[in-house]
Amino acid sequence: MNIKVMKREMKNYTYVYTLFLVFVFNTFCDGQSKTDLPKDNAKPETKEVSISHGPNRITRNIIQDRKGNIWIAAFDGIFRYDGKSLTNVTDNVSSARFFSLLEDSKGNLWFGSIGSGVYFYDGKSFKNFTTRDGLANDAVTNIYEDKTSTIWFGTASGASRYNGKSFQNFKIKEVPLPTDADSVHVSVYQHTLSENHWTHNDINMIIEDKNGKFWFATRGYARIYDGKTFTTLTHDGKPFTNVRSIIEDKKGNIWLGGNDGLWRYDGRTFTNFTQSFVGYVYEDREGNIWTSSQENSQAVFKQGNVFTNITGSPKSTWALSRYDGKSLSDKQPTATQIKSNLGMVFGILEAKDGSIWFGANDGVYRYDGNTIADFKSKEGQK
């Protein structure tokens, strides 16, 4: 090969190599500027495809975003409903069983899963946080944003607080982790749990009240956190056990639902509304309190309550119950029971159009005040 040919070949090689370096650099920088996250943790943008049906598996949580979209967390994905069509936004991202949802104050979405940590979604791309990033546990059952815009994650091994850069983990009790020999069905033994039982770090829900105190509902006891110490919530010397849901209503009352039934706490006095197991508590815009509860009979409600069997099987053991907000201070508050044969009932949402959405073992359902419709077909979505 002569000198001229060699120089020409070297020039071509240098040009191609330079283009390669520019491509790699631009690709890397572009990916970092979009997510500012490690490359192996960032999920690329995925093309969304509308589907004809909603979830078919356990549906745990439902929210409505600022644009009016309904978001559904189910064991077969995260679904978005825009009022006309459904999209499984995680179909090409993860096969995780999703459990919890949050739209934060910036409009970003967070999806908690059982076993795969939490996913951050900015509307274009996904970021997956797991124990490798500092999360307390990869089972994330609740996500909450406090007044300072800090994100809290309730996990099976305590709470994780995320400031946008790193996690700070909180253990209510330094206790041994559960073993394979531990039964997941611990409700029968809730009243005799020791302070060293692993369920005290299994977080069901976190809220911050108007005074800045945090309330932790766990599968062990309910706790109050003042920023320094955790205090066990008790009534007549007994702790509240396996509290599945906790909210603060518009008047500042704390509502607890769980193994001990439905309770309201005004800061001084506890009021019991039912002794049935309550899985979820929700306040609608008019101040009515909705619950999902396991009803063995109507006798568990106080005598004088009004019950209406709107639809479904009268033999059902699970129901939605609505407590009339105007009668909550009465000795005999009015309750309407909406029974169905859907089995266990989970998260509850009042949409902007006034309809009530709830999850069940086999998908999501919508109640319009008269009938309950499913989302298993186009017909059910009308």
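This dialogue reads several features of one predicted model.

Trainee: On what basis are the values given?

Mentor: The model is predicted, with local features requiring pLDDT of at least 70 and side-chain atom pairs pLDDT 80 or more, while totals for chains, interfaces and linings use all residues. Residues are numbered from 1 along each chain as its sequence is written, and side-chain values use heavy atoms, without hydrogens and water.

Trainee: How many helices and strands does the chain have?

Mentor: Helices (H or I, at least four residues) and strands (E, at least two) are DSSP runs, numbered from the N terminus. Here there are one helix and 32 strands.

Trainee: Is Phe346 buried or exposed?

Mentor: Buried means under 20% relative accessible area, exposed over 50%, and partly exposed in between (1.4 Å probe, protein chains only). Phe346, which lies in strand S29 (residues 345-350), counts as buried because its relative accessibility is 6%. Of the chain's 382 residues, 50% count as buried.

Trainee: Which residues is Phe346 in contact with, leaving aside neighbours within four places in sequence?

Mentor: Contact means heavy atoms within 4.5 Å. With those neighbours left aside, the partners of Phe346 include Ile58, Arg60, Tyr280 and Gly359. Asn61 is 285 residues from Phe346 in sequence, yet their C-alpha atoms are 7.0 Å apart.

Trainee: In which sense do S15 and S16 pair?

Mentor: Two strands pair if DSSP finds at least two bridges between them. S15 and strand S16 (residues 214-218) are antiparallel, with five bridges, and Glu208 stands opposite Phe214 in S16. Five residues separate the strands of this hairpin, where Gly212 takes a positive phi near 90°.

Trainee: Why is S15 largely enclosed by the rest of the structure?

Mentor: Six of the six residues of strand S15 (residues 203-208) are buried, so the strand is largely enclosed.
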